Amino acid sequence: MDIMKHIKQQIESNPIILYMKGTPEFPQCGFSSQTAQALLTTGAQFAYVNVLEHPDIRQNLPHYADWPTFPQLYVNGELVGGCDIVLDMYQNGELQQLIDGAAQSQA
Amino acid sequence: MNTEQIKHLIEAHLTDAQVIIRGDDEVHFEAIVISPDFIGKTRVQQHRLVYAALGENFGNQSIHALALSTHTPEAWQQRSGG
């Protein structure tokens, strides 16, 4: 399948999906680590893609998203942001709200 | 890439941008950007504007990471307790 279509389908079929370097258990980048940690505190289940194991996604997602760096968090098909935005939202409580809403719409 | 180069690129692409930037190793940076261009935009859109100003410097690894904080002039003034 065309990689852009594959990415689109992946983002749209997972209510919460994190593209990161490494995995939540074994992150391989400080920014990915902090973002995954923040997401784990919400208690919600989320999908993730280790872009280090998917060079095609690592190369093409930045073009798809118009966003050059990782991690990238998507909720309900929308880019929420990278590490800075997610941590900011974690600190002011917005992340929990957003994730709770996404989990509800999924149920 | 040094902090001055990044500062200039951002200033060249955003209206009346104020850029506070730090970086010790020429590939990892931390920046605070204040510009009226951010008014009415989401944070994702604000960050995209800054990324667009920096163009291919991410793709070609001139910049490995940029910790970014974007603010409208009004929000920045409130934040700094004006």
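This is a predicted model: local features need pLDDT of at least 70, side-chain atom pairs count only at pLDDT 80 or more; totals for chains, interfaces and linings use all residues.
**View 1. Where chain A meets chain B.** Let's start at the interface, to which chain A brings 15 residues and chain B brings 10 residues. The two chains bury about 1100 Å² between them, and carbon and sulfur atoms account for 62% of that area. Look for Trp67(A), Pro68(A) and Asp84(A): they supply 40% of the area that chain A buries against chain B, more than any other three residues. The size of an interface is often given in just this way, as the accessible area lost when the parts come together.

View 2. Two salt bridges are found between chain A and chain B. One to zoom in on joins the side chains of Glu94(A) and Arg43(B), at 3.0 Å from N to O. Side chains of opposite charge can pair when their charged atoms come close. Counting polar contacts between chain A and chain B gives five residue pairs, both residues at pLDDT 80 or more.

**View 3. The side of chain A that touches chain B.** Strand β4 (78-81) and helix α4 (83-91) of chain A each supply at least two residues here. The largest share comes from α4(A), with four residues. By class, this side of chain A has eight nonpolar, three polar and four charged residues.

**View 4. The largest pocket.** This pocket holds about 770 Å³ of space. Its lining counts 31 residues, and the closest to the pocket centre are Pro62(A), Pro68(A), Thr69(A), Phe58(B) and Gly59(B). Both chains take part: α3 (55-65) and α4 of chain A, and α2 (43-54) and β3 (65-71) of chain B, each supply at least two lining residues. The lining of the largest pocket is made of 15 nonpolar, 10 polar and six charged residues.

View 5. Of 25 lining residues, Asp84(A), Asp88(A), Leu68(B), Ser69(B) and His71(B) are the closest to the centre. Elements that give two or more residues to this lining include α2 (30-41) and α4 of chain A, along with β1 (18-22), β2 (28-34) and α3 (73-79) of chain B. Helix α4(A) gives the most, with six residues. The lining of the second largest pocket divides into 11 nonpolar, eight polar and six charged residues.

View 6. In chain A, the peptide bond from Phe70(A) to Pro71(A) is cis, with omega near 5°. You will find Pro71(A) in the loop between α3 and β3 (72-75) of chain A. In chain B, Glu26(B) has a positive phi, near 70°, and is a residue other than glycine. Glu26(B) sits in the loop between β1 and β2 of chain B. For context, most residues other than glycine have a negative phi, and most peptide bonds are trans.

**View 7. A salt bridge inside chain A.** Over all chains, the structure holds five salt bridges. This view picks out the one between the side chains of Glu12(A) and Lys8(A), at 3.1 Å from N to O. Both residues belong to helix α1 (residues 3-13) of chain A, where Glu12(A) and Lys8(A) are four residues apart, about one turn of the helix.

Technical notes
Residues are numbered from 1 along each chain as its sequence is written. Chains are lettered from A and ligands numbered from 1 in the order in which they are written. Side-chain values use heavy atoms; hydrogens and water are left out. Contact means heavy atoms within 4.5 Å. Buried area is the accessible area (1.4 Å probe) that two parts lose on being put together, summed over both. A salt bridge is a side-chain nitrogen of Lys or Arg within 4 Å of a carboxyl oxygen of Asp or Glu. A polar contact is a pair of N or O atoms within 3.5 Å; within protein, one must be able to donate a hydrogen and the other to accept it, and residues adjacent in sequence count only if both atoms are side-chain atoms. Ala, Val, Leu, Ile, Met, Phe, Trp, Tyr, Cys and Pro count as nonpolar, Asp, Glu, Lys and Arg as charged, and the others, Gly among them, as polar. On a 1 Å grid over the protein atoms alone, a cavity is a set of points where a 1.4 Å probe fits but cannot get out, and a pocket is an open set with protein on both sides within 12 Å along at least five of seven lines; lining residues have an atom within 4 Å of a point. Grid points are joined across faces, edges and corners, and a volume is the space filled by probe spheres set on the points.
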